[in-house]
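Trainee: I would like to learn how to read strand pairing and aromatic pairs in a model. Please take me through an example.

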Amino acid sequence: MFALLNRNIKAVILDITGVLKDSGPHGGTPIKGSIEALNRLYSSGLHLRFCTNETTVTRHTLVSQLRSLGFTIDEEKVFPPIPAMCTILKDRNLRPHLLVHPDALPDFKDIDQSNTNCVVIGDATHQFTYENINRAFQCLMNFEKPILFSLGKGKYYQEDGELILDVGPFMKALEYATGVTAEIVGKPSLAFFNTVLNDIGISAHEAVMVGDDIVNDVGGAQACGLAGVLVRTGKYRKPDDNHPDVKPDAIFDNLEKFVDCLLQDKQ
């Protein structure tokens with residue numbers, strides 16, 4: 001399969017939720033075969049990174065949850081949006097009004113949030129009340145130069161077997177109401193993918209992204225020059241196989257099947 005891509009794959013970048021595990025209480029549950037598949041990737045000698053739009057917990061908590069589920073993962077190899085967002089805020093001297101999940105707030109502890117001059121929204125789940133969204137709207141309308149950041153722009157994800165609204169619909173509501181275009185921090189941002197590639201020290205052509213989100217994982221990766229692989233787990237839906245705009249380089253039933261194919265091709 002990968003021989004057809006005419007690529008010398010040196011790195012695999014994995015989404016987490018929907019690829020390694022499903023969402024749920026206490027960090028969720030591993031997807032069948034994903035722990036073993038991940039261990040095989042480690043043994044292959046390929047570079048491995050984890051690129052996620054998870055913003056309901058801190059990176060430390062996310063990694064701790066994954067380890068408790070049986071995954072072997074180093075925290076420095078996990079790239080969620082919030083650390084990148086904090087770097088941007090410091091570099092641009094911005095002070096955010098935050099609409100994020102309470103469990104993610106510790107990652108913003110070093111960020112000045114007084115006299116706010118921008119809005120940052122993430123997957124705030126139950127914090128997406130009318131009052132909180134309206135407050136974010138009011139902030140943007142009152143800023144002299146309104147700036148809106150969104151930690152990803154996913155439409156939905158799967159939790160406990162049900163589809164759950166992600167940050168994207170609420171981002172779109174604020175864009176519509178204010179006329180402000182959000183700056184995306186996270187997938188499918190080019191800068192976000194490039195941060196991961198730079199950490200590995202390879203070119204986009206030498207990496208493959210594996211995800212369950214046809215637009216943000218697969219399409220975002222392809223737009224940056226990576227190969228994009230879709231797995232039929234997590235939020236995947238059958239129409240994704242024939243998406244009108246995004247054509248995956250390959251589609252597999254799960255991470256295990258992808259690893260089988262990749263490592264066979266590398267032999």
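Trainee: In which sense do strand E12 and strand E13 pair, and over how many bridges?

Mentor: In general, strands of a sheet pair through backbone hydrogen bonds, either parallel or antiparallel. In this predicted model, strand E12 (residues 207-211) and strand E13 (residues 227-231) pair in the parallel sense, over 4 bridges. Met 209 stands opposite Gly 228 in E13.

Trainee: What is the strand order of the open sheet of 6 strands?

Mentor: The order is E5-E4-E1-E12-E13-E14, with parallel pairing. At the edges stand strand E5 (78-79) and strand E14 (250-252), each with a single partner strand, so one side of each has no neighbour in the sheet.

Trainee: Which strands does helix H1 lie across?

Mentor: Helix H1 (residues 34-44) lies across strand E1 (11-14) and strand E4 (47-51), and runs at about 140° to E4.

Trainee: How many aromatic pairs does the structure hold?

Mentor: Planes under 30 degrees apart count as stacked, over 60 as edge-to-face. The structure holds 2 aromatic pairs. Phe 128 and Phe 170 are stacked, at 3.8 Å centre to centre with 10° between the planes. Phe 128 lies in the loop between strand E7 (118-121) and helix H4 (130-142), and Phe 170 in helix H5 (residues 168-178), so the pair ties together parts 42 residues apart in sequence. Phe 128 is buried at 12% relative accessible area, and Phe 170 is buried at 18%.

Mentor: Phe 252 and Phe 258 form an edge-to-face pair, 5.8 Å centre to centre and 70° between the planes. Phe 252 is buried at 9%, and Phe 258 at 0%.

Definitions and conventions: Residues are numbered from 1 along each chain as its sequence is written. This is a predicted model: local features need pLDDT of at least 70, side-chain atom pairs count only at pLDDT 80 or more; totals for chains, interfaces and linings use all residues. Side-chain values use heavy atoms; hydrogens and water are left out. Rings of Phe, Tyr and Trp (its six-membered ring) pair if their centres lie within 6.5 Å; planes under 30 degrees apart count as stacked, over 60 as edge-to-face and the rest as tilted. Helices (H or I, at least four residues) and strands (E, at least two) are DSSP runs, numbered from the N terminus. Buried means under 20% relative accessible area, exposed over 50%, partly exposed in between (1.4 Å probe, protein chains only). Two strands pair if DSSP finds at least two bridges between them. Contact means heavy atoms within 4.5 Å. Axes are lines fitted to C-alpha atoms, for helices over the stretch in contact, and angles run from 0 to 180 degrees between N-to-C directions.
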